[in-house]
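Here's a quick briefing to keep open beside the model. Have a look at the structure first, then work through the notes below.

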Amino acid sequence: MTTKTAAMPAMDVAPRLPRLRERLGDAGCDALAVTNLSNVGYLTGFTGSAGILLVTPQESVLVTDGRYQTQSREQLATAGVDARVEIGGVAAQLEALATAARGLGRIGLEATDVSWARQRRFGAEVFTDAELVPTEGLVEGFRRVKDAGELARMEAAADIADAALAQVRDLLPDGVSEADLALELDFAMRRLGAAGSSFDTIVAAGPNGAKPHARPSARPIEAGELVVIDFGAIVDGYCSDMTRTLWVGDLDSEVAGRMVEVVAASQAAGVDAVRSGASCAEVDGACREIIAEAGWADAFLHSTGHGVGLDIHEAPWVAATSTDTLEPSTVVTVEPGVYLPDIGGVRIEDTVVVTSDGCRPLTKSPKDLIAT
Ligand code: ZN
Ligand code: ZN
């Protein structure tokens, strides 16, 4: 299987800049300097590793360096994006931004992305006549709701991850190490057409699994141990995210078996709670209640889930303290877990697309994978 992005619906990139421009007034600024590269990519189709996009009422200017001279113009043209590209070294880029910003009173910066040093430099050298306004989540707000092209890419990424797991699971009974299984998964995803892994693949067996984000070790996986496998693929910039907990033979302890049952029930309840209009806190509560009833409230060490898209973790946040509400075509994970230091961990995670009356899972690997 290889991914054929050409056969997927196109992403609707061109309307994104005008949509953002309409929101700038509400955000208290005349223009926005977009420094977060995922946001730059979302708004323009540009996928380079450096660049700043200034969105003013009159125009949009993307500044980047010579490595991206051809790529940036090609990508913006392909996306049908109406923005000017300025290529040069850092000084020339900042000069181009200063020129484009001349006469603007209030320029928004992305507060969660701009370092203190960069903010000072913008104020002192670039946007010298303007008031700098901190903004949060402006572009991220648009990114929550995915269009058909984005969903197709996320589904392709999830399909690759499903196929990769099916290919490598037979290595488990052979005493493969955590690190080697992670490597095989990464390799399988690349061979199946992924651009890469959406984050460092987690394979954590036995006591290592009690650490939710353990790094894979060279230790061979033994029969009877819980094995937490958390991984994802990237297709066309879009991530997938899935966790399965597997084991070989019979589980070492009754407690481990009970953990699997409880987390599976919790995860199913969370997925059942996902629908348009549901609050993220409600979804978290649906998962948490079942784990608390089993007496493991303190062993559920993280929130229930997160949005996924261009970033592996993005808005909305599926947590007890979240004030977010789910909308159609938002993509979130549901991934409760129980972690007991003496035994290990169980986490089960699906990535789902919110629909008007429920949700549609993108990740489809079986959950009862007992490798023999
Ligand atoms: Zn994950
Ligand atoms: Zn996740």
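Let's start with a charged pair: E155 and R360 meet through their side chains in a salt bridge, 3.1 Å from N to O (that is, a side-chain nitrogen of Lys or Arg within 4 Å of a carboxyl oxygen of Asp or Glu). This pair links distant parts of the chain, with E155 in helix α7 (residues 148-168) and R360 in strand β19 (residues 358-361), 205 residues apart. Helices (H or I, at least four residues) and strands (E, at least two) are DSSP runs, numbered from the N terminus.

Some ground rules: this is a predicted model, where local features need pLDDT of at least 70 and side-chain atom pairs count only at pLDDT 80 or more, while totals for chains, interfaces and linings use all residues. Residues are numbered from 1 along each chain as its sequence is written, chains are lettered from A and ligands numbered from 1 in the order in which they are written, and side-chain values use heavy atoms, with hydrogens and water left out.

**Salt bridges**

- E155 is partly exposed at 22% relative accessible area, and R360 is partly exposed at 33%; buried means under 20%, exposed over 50%, and partly exposed in between (1.4 Å probe, protein chains only).
- The salt-bridge count comes to 25.
- E314 pairs with R143, the closest N and O atoms being 2.7 Å apart. That pair also links distant parts of the chain: E314 sits in strand β14 (residues 314-318) and R143 in helix α6 (residues 138-143), 171 residues apart.
- Both E314 and R143 are buried.
- E125 and R121 form a salt bridge with their closest N and O atoms 3.0 Å apart. Both lie in helix α5 (residues 116-126), four residues apart, about one turn of the helix.
- R121 is partly exposed, at 38% relative accessible area.

**Zinc site**

- D230 (OD), D230 (OD), D241 (OD) and E349 (OE) coordinate the zinc ion (ligand 1) at 2.0 to 2.7 Å. Donors are N, O and S atoms within 2.8 Å of the metal (3.2 Å for Na, K and Ca), and sites may look incomplete because water is not among the atoms.
- The arrangement around the zinc ion (ligand 1) is irregular because its four donor atoms subtend angles of 53 to 151 degrees. Four donors count as tetrahedral if all angles lie between 85 and 135 degrees; four count as square planar and six as octahedral if opposite donors are over 155 degrees apart and all others between 65 and 115; anything else is irregular.
- Along the chain, the donors of the zinc ion (ligand 1) follow the spacing D-x10-D-x107-E.
- D241 bridges the zinc ion (ligand 1) and the zinc ion (ligand 2), which lie 3.1 Å apart.
- D230 is buried at 3% relative accessible area, and E349 is buried at 0%.

**Backbone details**

- A cis peptide bond joins A315 and P316, with omega about 0 degrees; P316 is in strand β14.
- D236 is not a glycine, yet has a positive phi of about 55 degrees. D236 lies in the loop between β10 (233-235) and β11 (238-239) and is partly exposed at 40% relative accessibility.
- S329 also has a positive phi, near 70 degrees, in a residue other than glycine. S329 is in the loop between β14 and β15 (331-334).
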